[in-house]
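The tour goes from one selection to the next.

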Amino acid sequence: MSNSASFYSLLLISSLLFASHHFHVYAAQAKPPVVKGLSFSYFSQNCPKLESIVRNHLKKVFKKDNGQAPGLLRIFFHDCFVQGCDGSILLDGSPGERDQPANIGIRSEALQTIEDIRALVHQQCGNIVSCADIIVLAARDSVYLSGGTDFKVPLGRRDGFNFSTALTTNLPFPTGNTSETLRKFAKQNFDVTDVVALSGAHTFGRAHCATFFNRLSPAVDPTMDKTLANKLKATCPNEDSTNTANLDIRTPTVFDNKYYLDLLNRQGVFTSDQDLHSDKRTKGLVNHFALNQSLFFDKFVNAVVKLSQLDVVTGNNGEIRNKCSVINSSKKKSVLTSVVAEFVDQF
């Protein structure tokens, strides 16, 4: 057996021992409760084919462009983490939420896919399903249709009337360390297991050079695998390059647990990713998810369902948009304008 093989065998054994000792900690995490106003069977009577409409359309989309799957999952995360799952990221503005630095790279094709799904759903069921719910369903199916697990998500959200150009600072940054990441998630009541599981969304998709160039220049980050560093430097000769790189070097278009194997081998692309395997608060979970894909899927689902219910608009609040990028009435447009002006004035 080679020295390299011996090393990884020892790593596997030690990780298994760690996992056996600490499994009860991870397994004890309770399923997230369903918030008032949402339900797993919300549209069972008035739009029973909703989920099949969404999934069948996405099957066609991904057959032509599988890069939209991580794009749709990113839209979900960036919508919910800013001011709740209210479809605010879809609204046009000057500037809008999508124009903020944290949202650079949001794919226009994925935004159009959400609008296309809305049109299909409203055609078959009437204007009863919100763009916010469609975002959540599209994110869930992006995971499942890319190789991940299938799961139920509670529905019944309504669309909000405004967006935020300020609260995008709530989003964790790819250049941040684990302490910064945990602090931002803690503000939204996510624990360490949630954080490490949600980070696994980087098991597919691509990253722009500017989001990881800090690890290549002025000096290569010593925690990065040298071969990966050389490949990334060839892809990104400078920070302003428009090129992109795979976030998971093993299975870049598949939703699986290989992202965590990347981290074990110092092949994480973002600072925020690789630091999860350096920080003692998160390292054990990284090792565990690298060895146990089923457990990763289970904890990822818990975290996604929890995330999908952040500050939702339900009941008689909000609206069902007739088009995802604009609110319905002229009266409410004035509310949108005043809110945007208020945020802009803060800077």
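In this predicted model, select Cys131 and Cys324 and display the S-S bond, about which the torsion is about -95 degrees, so this disulfide is left-handed. The pair links distant parts of the chain, with Cys131 in helix H5 (residues 131-144) and Cys324 in the loop between helix H12 (293-307) and helix H13 (330-345), 193 residues apart. Cys131 is buried, with a relative accessible area of 0%, and Cys324, at 3% relative accessibility, counts as buried because the cut-off is under 20%.

Next, select Cys209 and Cys236, which a disulfide joins with an S to S distance of 2.0 Å. Cys209 sits in the loop between strand S1 (206-208) and helix H8 (226-235), and Cys236 in the loop between H8 and S2, so the pair ties together parts that are 27 residues apart in sequence. This link is left-handed, with -80 degrees about the S-S bond.

For a right-handed disulfide, move to Cys80 and Cys85, where the torsion about the S-S bond is about 125 degrees; Cys80 and Cys85 are buried.

Finally, select Thr203, Asp248, Thr251 and Asp256, which an unreviewed UniProt entry lists under "binding site". Although these residues are spread over 54 residues of sequence, they cluster in space, the largest C-alpha distance being 9.9 Å. Centre on Asp248, in the loop between strand S2 (244-246) and helix H9 (258-264): its side chain makes a polar contact with the side chain of Thr203 (3.3 Å). Asp248 is buried, with a relative accessible area of 0%, whereas Thr251 is partly exposed at 21%.

Notes. Residues are numbered from 1 along each chain as its sequence is written. This is a predicted model: local features need pLDDT of at least 70, side-chain atom pairs count only at pLDDT 80 or more; totals for chains, interfaces and linings use all residues. Side-chain values use heavy atoms; hydrogens and water are left out. UniProt positions are given in the numbering used here, feature names are shortened, and annotations may be inferred rather than shown by experiment. Helices (H or I, at least four residues) and strands (E, at least two) are DSSP runs, numbered from the N terminus. Buried means under 20% relative accessible area, exposed over 50%, partly exposed in between (1.4 Å probe, protein chains only). A polar contact is a pair of N or O atoms within 3.5 Å; within protein, one must be able to donate a hydrogen and the other to accept it, and residues adjacent in sequence count only if both atoms are side-chain atoms. A disulfide is a pair of cysteine sulfur atoms within 2.5 Å.
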